[in-house]
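Have the sequence and the 3D view open side by side as you read. We will take a friendly walk through the chain, one topic at a time.

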Amino acid sequence: MSETSRAEVDDASFIERSRHDPEVFAEVFRRHAPDITRYVTRRLGDDAAEDVVAETFLAAFRQRDGYDLSRRNARPWLYGIATNLMRQHLRTEVRQLRLVERTGADPVTASFTERSDERLSAEASRRSLAGALAALPKGHRDALLLVAWGGLSYSETSEALGIRLGTVQSRVNRARKRLRRELGGINPMTTVSEESVHE
């Protein structure tokens, strides 16, 4: 890949250019808004997600001068901003998870499961999982869901949350063990990952 084409695909190059030409930042939004929207919608529901996603990209735009241009991929940075903003909606997130626990209706995946037997099975799994997720400590839930629903690597999750890699590994491991115990031995990452819609 040539330097020119590499520069065209890096988020960092668009962020750098947007410092002089603000409209270029729209490319960062175009690239990442759909994934961030799915992630936030899944955690908070449709109503709060729209505001959080808008606030995420507004904050990113305002902070773009401080972005570390050695980080070519802006995904961890954007997920970190979104996760910080979601802390203001902790009650909404727990309420959303309790709603999924009661109804089995996940706002992101509901339309993807069409066969009735698959839908019933998926709803039962979602209910149990949502209840168990709601009971996790916030830091453990953030780490687990950034990996499982956000599609971030452990390293990217570390960057997004501003915590050490070992802390991420520990939190995800503890969250998995707790969920496995709550779900009667079912591997929670299988359940969570199967429902991931990250592209």
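Predicted model: local features only at pLDDT ≥ 70, side-chain atom pairs only at ≥ 80, totals over all residues.

## Starting with one arginine

Is Arg30 buried or exposed? Arg30 is exposed, because its relative accessible area is 54%.

Residues are numbered from 1 along each chain as its sequence is written, and side-chain values use heavy atoms, with hydrogens and water left out.

## The chain as a whole

What is the chain built from? Its secondary structure comes to eleven helices and zero strands. Helices (H or I, at least four residues) and strands (E, at least two) are DSSP runs, numbered from the N terminus.

The chain has 199 residues, and buried ones make up 47% of them. Its accessible surface comes to about 10300 Å², with 48% of that belonging to carbon and sulfur atoms. Such areas come from the Shrake-Rupley method with a 1.4 Å probe, and for residues only the protein chains shown count as cover. Now look at contacts, meaning heavy atoms within 4.5 Å. Of the contacts in the chain with a separation of 6 or more, 68% are between residues 24 or more positions apart.

## Pairs of opposite charge

Side chains of opposite charge can pair when their charged atoms come close. A salt bridge is a side-chain nitrogen of Lys or Arg within 4 Å of a carboxyl oxygen of Asp or Glu. By this rule the count comes to twelve salt bridges.

Our arginine takes part: Arg30 forms a salt bridge with Glu27, and their closest N and O atoms are 2.4 Å apart. The two are separated by about one helical turn because they sit three residues apart in helix α3. Glu27 counts as buried, because its relative accessibility is 19%. Both residues also belong to a network of salt bridges that links Asp11, Glu27, Arg30 and Arg31.

Which parts of the chain does the pair of Arg19 and Asp65 tie together? Their side chains meet in a salt bridge (3.9 Å, N to O). Arg19 lies in the loop between α2 (11-18) and α3 (26-44) and Asp65 in the loop between α4 and α5, so the pair ties together parts that are 46 residues apart in sequence. Arg19 is partly exposed, with a relative accessible area of 24%, whereas Asp65 counts as exposed at 55%.

Another pair is Arg75 and Glu156, whose side chains meet in a salt bridge (3.7 Å, N to O). This pair links distant parts of the chain, with Arg75 in helix α5 and Glu156 in helix α9, 81 residues apart. Arg75 and Glu156 are both buried.

## Helix α9 and what follows

Helix α9 covers residues 154-161, and its buried residues are Glu156, Thr157, Ser158, Ala160 and Leu161. These buried residues pack against α5 (75-86), α8 (138-148) and α10 (165-182). Ser155 is also found in helix α9, but Ser155 counts as partly exposed at 47% relative accessibility. The C-alpha atoms of Ser155 and Leu165 are 6.1 Å apart in space, and the two residues are ten apart in sequence.

After α9 comes Gly162, whose phi is positive, near 65°. Gly162 is found in the loop between α9 and α10 and is exposed, with a relative accessible area of 64%. From C-alpha to C-alpha, Gly162 and Gly80 are 7.9 Å apart, although 82 residues separate them in sequence.

## A buried glycine

Where is Gly104? Find it in the loop between α6 (90-103) and α7 (116-134). Gly104 counts as buried, because its relative accessibility is 0%.

Note on methods:
Buried < 20%, exposed > 50% of the residue type's maximum accessible area, 1.4 Å probe, protein only.
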